[in-house]
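Here is a short report on a core, a hairpin and a pocket. Look over the model before reading on.

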Amino acid sequence: MRTVGFCILLAVMGGAGCVSEKKAQLEARQAYVAGQAQATQAALQAQQQQGPVVLVQGPVNRPVVPWEEGMKLSKAIVTAQYTGIMDPRLVQVLRDGQVVGEFKAIDLLNRHDMDLEAGDSVVIVQ
């Protein structure tokens, strides 16, 4: 509540501190996402010469995972080396740009898994 009051006070006094802070946070988030996309693209191009892959977007060390016959979503996440501090809020599987699977962390812990196909993308949302 105090922060809101302070922001209003700044706005009345002609300052834009809160707006600038939110804008800076948004720009930082956009830069992070853009950087991750560039890294994924570069890794994908390098890996495509080695065979089929699965892309994993989110807090992982390895955004490009070699696909194997019968690969499960949980294995792709483990192979990608998930680095999040907490369990993800949501994990989506995209195939040809369409969501074909959505899971909460508890679903995966309860062994609700799915088979992945070469070229699938896994999006981990924290």
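Leaving aside its neighbours within four places in sequence, which residues is Val 122 in contact with? They are Val 54, Leu 55, Val 56, Gln 57, Leu 73, Ile 77, Val 91, Gln 92 and Leu 116. Contact means heavy atoms within 4.5 Å.

This is a predicted model: local features need pLDDT of at least 70, side-chain atom pairs need 80 or more, and totals for chains, interfaces and linings use all residues. Residues are numbered from 1 along each chain as its sequence is written, and side-chain values use heavy atoms, without hydrogens or water.

**Core.** Val 122 is among the residues with the most contacts inside the largest nonpolar core, as are Val 56, Leu 73, Ile 77 and Leu 116. This core has 17 residues. H3 gives the largest share, 3 residues. Such a core joins buried Ala, Val, Leu, Ile, Met, Phe, Trp, Tyr and Cys residues through side-chain atoms within 4.5 Å. Buried means under 20% relative accessible area with a 1.4 Å probe, protein chains only.

**Elements.** Helices are DSSP runs of H or I with at least four residues, and strands are E runs of at least two, numbered from the N terminus.

| Element | Residues |
|---|---|
| Helix H3 | 73-79 |
| Strand S3 | 90-95 |
| Strand S4 | 98-103 |

S3 and S4 run antiparallel, joined by 5 bridges. Strands pair if DSSP finds at least two bridges between them. Leu 94 stands opposite Val 99 in S4. The hairpin has 2 residues between its strands, and Asp 96 in the turn has a positive phi of about 55°.

Key
Buried < 20%, exposed > 50% of the residue type's maximum accessible area, 1.4 Å probe, protein only.
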